Amino acid sequence: MSTSALTGHCNCGGVRFSLSEVPPRAGYCHCTRCQRRTGAAASAQARIDAATLTIDAGEELLRGWRHPDGGFEKLFCSVCGSHLFSRLPEDPAQMGVRLGVIDGDPQVRPSFRQFTADAAVWEPIPEDGLERHPGPAR
Ligand SMILES: [Zn+2]
Ligand SMILES: [Zn+2]
């Protein structure tokens, strides 16, 4: 029996998941796709190894959307619209989890900002000392 480091769920509670390990790294994404997806200036998300993720309920409710130009597929709850994960179809081990859907303290803090070249004009990027990457962070 494994102990979960973290749990999370969507707004309607249909999708529930657990992570066996605390994510190693988190950051803010300022890309235009994240702006549209969230309706906000940036999205806080952690990188995870897909092997650490278990969908405990509602896997059938998850839907994915991928931009025709490629990039990470965005996974969301088809009932309530909460965005939960991202996944790279070419390498499904690489996933992301949105920090806002983790229950309580995610035990990781954003350490970088990526796609700052595409940042929303209506919200200045805070002077918080985090690494900044005009494109994707590596
Ligand atoms: Zn939901
Ligand atoms: Zn993004």
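**Zinc sites and fold of the predicted model**

The angles subtended by the four donor atoms around the zinc ion (ligand 1) run from 103 to 115 degrees, which makes the arrangement tetrahedral; four donors count as tetrahedral if all angles lie between 85 and 135 degrees. For four tetrahedral donors the ideal angle at a metal is 109.5 degrees. The structure is a predicted model, in which local features need pLDDT of at least 70 and side-chain atom pairs count only at pLDDT 80 or more, while totals for chains, interfaces and linings use all residues. Residues are numbered from 1 along each chain as its sequence is written, chains are lettered from A and ligands numbered from 1 in the order in which they are written, and side-chain values use heavy atoms, with hydrogens and water left out.

The zinc ion (ligand 1) is held by the SG atoms of Cys10, Cys12, Cys77 and Cys80 at 2.3 to 2.4 Å. Donors are N, O and S atoms within 2.8 Å of the metal (3.2 Å for Na, K and Ca); water is not among the atoms, so sites may look incomplete. Along the chain these donors follow the spacing C-x1-C-x64-C-x2-C. Cys12 lies in the loop between β1 (6-9) and β2 (16-19), and Cys80 in the loop between β7 (73-77) and β8 (83-87), so the pair ties together parts that are 68 residues apart in sequence. Cys12 is partly exposed, at 39% relative accessibility, and Cys80 is also partly exposed, at 29% (buried means under 20% relative accessible area, exposed over 50%, partly exposed in between, with a 1.4 Å probe and protein chains only).

The zinc ion (ligand 2) is coordinated by the SG atoms of Cys29, Cys31 and Cys34, at 2.1 to 2.3 Å. The sequence spacing of its donor residues is C-x1-C-x2-C. Both Cys31 and Cys34 are buried.

The protein has one helix and eleven strands, arranged along the sequence as β-β-β-α-β-β-β-β-β-β-β-β. Helices (H or I, at least four residues) and strands (E, at least two) are DSSP runs, numbered from the N terminus. The radius of gyration, taken over C-alpha atoms, is 15 Å, close to the 14 Å that the globule rule gives for 138 residues, so the protein is as compact as a globular protein of that length; the rule is 2.2 Å times the number of residues to the power 0.38. The C-alpha trace spans about 45 × 30 × 30 Å along its principal axes. Of the 138 residues, 40% count as buried.

Strand β3 (residues 25-29) pairs with β4 in the antiparallel sense over five bridges, with Ala26 bridged to Ala46. β3 also pairs with β10 (residues 110-114), in the parallel sense over four bridges; here Gly27 is bridged to Phe112. Two strands pair if DSSP finds at least two bridges between them.

The largest nonpolar core contains 20 residues, of which Phe17, Leu19, Leu53, Leu84, Phe85, Val97 and Ile102 touch the most other members. Such a core is a set of buried Ala, Val, Leu, Ile, Met, Phe, Trp, Tyr and Cys residues joined through side-chain atoms within 4.5 Å. Two or more residues each come from β2, β4 (43-49), β7, β8 and β9 (94-98). Not counting residues up to four places away in sequence, the contacts of Leu84 (heavy atoms within 4.5 Å) include Cys10, Phe17, Cys77 and Val97.

Note on methods:
Four donors count as tetrahedral if all angles lie between 85 and 135 degrees; four count as square planar and six as octahedral if opposite donors are over 155 degrees apart and all others between 65 and 115; anything else is irregular.
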